[in-house]
Amino acid sequence: MFNRDNNYSLPNPFGSRPPQRDGYSRTPQGYPPQHGGPDVGGYGTQPPRRPAPGARPPPTQAPRPSEGGSWNLTPKESPNKDFQFGNIVALSPQDFPPSSFGRDDIPIIVNGLYVFSARRLDGFPQGYIGMSSIQRPWAKAGLRDSLDVQIYDPFRQGGEAYLGSADIEVKFAGRTRTDALYDQDELGSYVIKNFESQIFAPGQPVLMDHHGIPLQLTVKTILRVSLVSEKETSKAPETEPTARGILTKHTLINFFKEAQSDIQIKPAKNRPAANAIIQPDFNTEKMGIGGLDSEFHTIFRRAFASRIFPPDIVAKLGIQHVKGILLFGPPGTGKTLLARQIGKMLNAREPKIINGPEVLNKFVGQSEENIRKLFADAEQEYKEKGDESGLHIIIFDELDAVCKQRGSTGGGTGVGDSVVNQLLSKMDGVDQLNNILLIGMTNRKDMIDDALLRPGRLEVHVEISLPDEAGRAQILGIHTQNMRQTELMDPSVDLPELAALTKNYSGAEIAGLVKAATSFAFNRHIDTGKAVRVKDDAPEMRVNHADFIHALDEIQPAFGVSEDEIRSCIEHDIINYSERIDAVLKEGEALARGLTQTGQTPLWSILLNGGPGSGKTALAAQIALESGSPFIKMICPEDIAGLGEMAKIQHILRVFNDAYKSQTSVVVVDEIETLVDYVSVGPRFSNNVLQTLKVLIKKRPPKNRRLLVLATTSERALMKELNIYNSFNSEIDVPNVTTHQELKHVMEESGAFTPEQIGEALTRIEPLKEQTAYSVTFGVGIKKVFDGIELAKKNPNELVNRFVRSINSAVQEGGVRTSGPVETRRVEERRNDEEGGFY
């Protein structure tokens, strides 16, 4: 805290004597003692509380025109240029008599927010305040308004009353202009000379006469300093208008060129570039960017860091600025939002935004001309100003629409190739430009021509992937900010819990989730009787946690879990009827744990082998659900039935490519032999589909991604013949129901039979697994058992009989008849070789 009673023991960085100035401003401002400020001296001194010997004592009583020491004044045009260019407002000596307030400038605050330096002017009418044409809009003061004016004490906010540094935007204020370069150091000295000891705040406009040319300065950010600690008190640049500070001769001022202005500012050492790309008051949270912190930091480091350094340092390094950024990723993740917000944060001209298809034109050569027009302004300015040219930004959405691989498009016009060639030459051709930044966006990076992706063109590739839990919490906070500030969101809403529940939701889907939740809140306060109307309790509407939970059922992520499809594979739940089934489930739990643990292999593939109806798909689905992965998809024969060979391949590729976009993913490939169109006669299988599966099963996911592949088959020997068996890391054998004890356990778990009925059925059912001289039976699949139970339920009077007939028939169908003991033994040996176990 700045203490006026104590002597300041450390050297005063702002000088021990009040600064003497010339120009339009005067000696440092004084403070009326009845308002708690120092009665003599300026901001740069340590004024004592008591007057020095021989000094005039302060007045014993100050006039109070109204309660609280405030004046109601009417705005009026500034009386002369001295006041306009000195950033001073005019007051009447009759309102502020020198006998009460001294003869120095007076700091006043208008309407409790806007601080000015005020000066008495003889002859100025009583009851008015003279303000310039740029001061009135900032203070939101009309010429017929009545303003509340009070004396302002800058020390009431503590010792943080001085400016350590300030970022100021500069532009020409009138028609008089010059092509001469403005030196930042000289400009800073001129500002301090004219406005020292005045109070500056973010957003404040200041008019300054610089050698006969009027300039408008706009304070963008400030950093306040404490005299006690000699350190900057604020941790980050402040942009709020209430963050005020006193300008001193030691304040560091950084100048930035206004984006639309023609003013030219000479680069200075140890200062940011005057035409720096980043706005001084840039803030990601205010811009509504959530969940993209790491991506934005990458973009800033690669594309913008060199642009905020002093140009002389960049010139010594001998490097060129980055000219292109490619944002790619799944739909709805914020690519377009990020590009729009990058355009807002840049201290540059308004970006040119174009969609890919808009470039194409039916007339010959017009498409290429459209590309040249995008760069025409940048070329003209670069010829005139060189490296001092401002930045030109082009935002190119749906880039893959016009920049496909050359030679890949059909037709004889070759327009697509010509457009790509034109874009390549403009970005990094013979006449290189260093004042452009092209931001391209696409969902299909693989379709874009390789030459466009090399360094010198779109060299910064940033994947905008699905947000993690912390990112989802940020996005939820952004989309619920208004309802939280207006207290329309119930305190029961737990945003961290919602962030945990919205796995693999994109930013667009989270926005849809918030809208769906508000629709439930609206519906509670709508009367849907004969006439639809809003209920009387509508002002009490609150969006609660239950609304968000209901919205989760409506808004499903495109890259999430196909829960309905997965659970339909586990129609009768998992019944642990055998030790081998228990071993399969334990193996699945181990795989689920490994999917989330760091240090594990990023890819693991398993082949579940078993007879038809043995429950392979149900077990694979159960393992997938237990993994807790946010992305679970199935590739089933019914999904590709009726499709051509290329359509089937595209479907399989799409599922795996979607899986690579999630942190952890599980892909279930059901019935491989059916997917590859295997038949025992005729055309045996589709080799293209088979090769696609082989490649994808062995393909490692991208960095920091983990993938578990679960595949099922009833033809283990065929998998070896097709040479896909060795593509899997391990194999799990799924057994049939092979004993009466296992069958009894299943019947008990189903709840369809009484103990007496179970005993009767078991005595009439043939052995499930048996080897005789002329036949071999291998048990019955669990699916067949459940089919038999469902069939028996349809006729309760024949419950046991129907079930026994169904199971005996299934046993006979699954068996193999032989011509003698030797063949029987060979069949059994082959079966044992195929069954295997865990590998």
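1. Two strands count as paired if DSSP finds at least two bridges between them. The model discussed here is predicted. In it, β10 and β11 form a hairpin, with two residues between the strands. His211 lies in the turn and has a positive phi of about 55°.

2. Strand β10 (residues 205–210) runs antiparallel to β11, and six bridges join them. Asp209 has Pro214 of β11 as its bridge partner.

3. β11 also pairs with β7 (residues 162–172), again in the antiparallel sense, over ten bridges. Here Phe172 is bridged to Leu215 of β11.

4. Elsewhere, five strands make an open sheet with parallel pairing, in the order β24-β25-β26-β23-β27. The edges are β24 (631–635) and β27 (730–734). Each has a single partner strand, so one side of each lacks a neighbour in the sheet. Neighbouring strands are turned by 20° against each other on average, direction ignored.

5. Within this sheet, β23 (residues 603–610) and β26 (residues 706–713) run parallel, joined by seven bridges. Asn609 stands opposite Thr713 in β26. Helix α20 (residues 645–659) packs on the sheet and touches β24, β25 (664–669) and β26. The direction of α20 makes about 165° with that of β24.

6. Helix α14 (residues 507–524) has 18 residues. From first C-alpha to last, α14 reaches 27 Å, close to the expected 26 Å. Its buried residues include Glu509, Ile510, Leu513 and Val514. The buried residues of α14 pack against α11 (469–479), α12 (481–485) and α15 (545–554).

Key:
Residues are numbered from 1 along each chain as its sequence is written. This is a predicted model: local features need pLDDT of at least 70, side-chain atom pairs count only at pLDDT 80 or more; totals for chains, interfaces and linings use all residues. Side-chain values use heavy atoms; hydrogens and water are left out. Helices (H or I, at least four residues) and strands (E, at least two) are DSSP runs, numbered from the N terminus. The expected span of a helix is 1.5 Å times one less than its number of residues. Buried means under 20% relative accessible area, exposed over 50%, partly exposed in between (1.4 Å probe, protein chains only). Contact means heavy atoms within 4.5 Å. Axes are lines fitted to C-alpha atoms, for helices over the stretch in contact, and angles run from 0 to 180 degrees between N-to-C directions.
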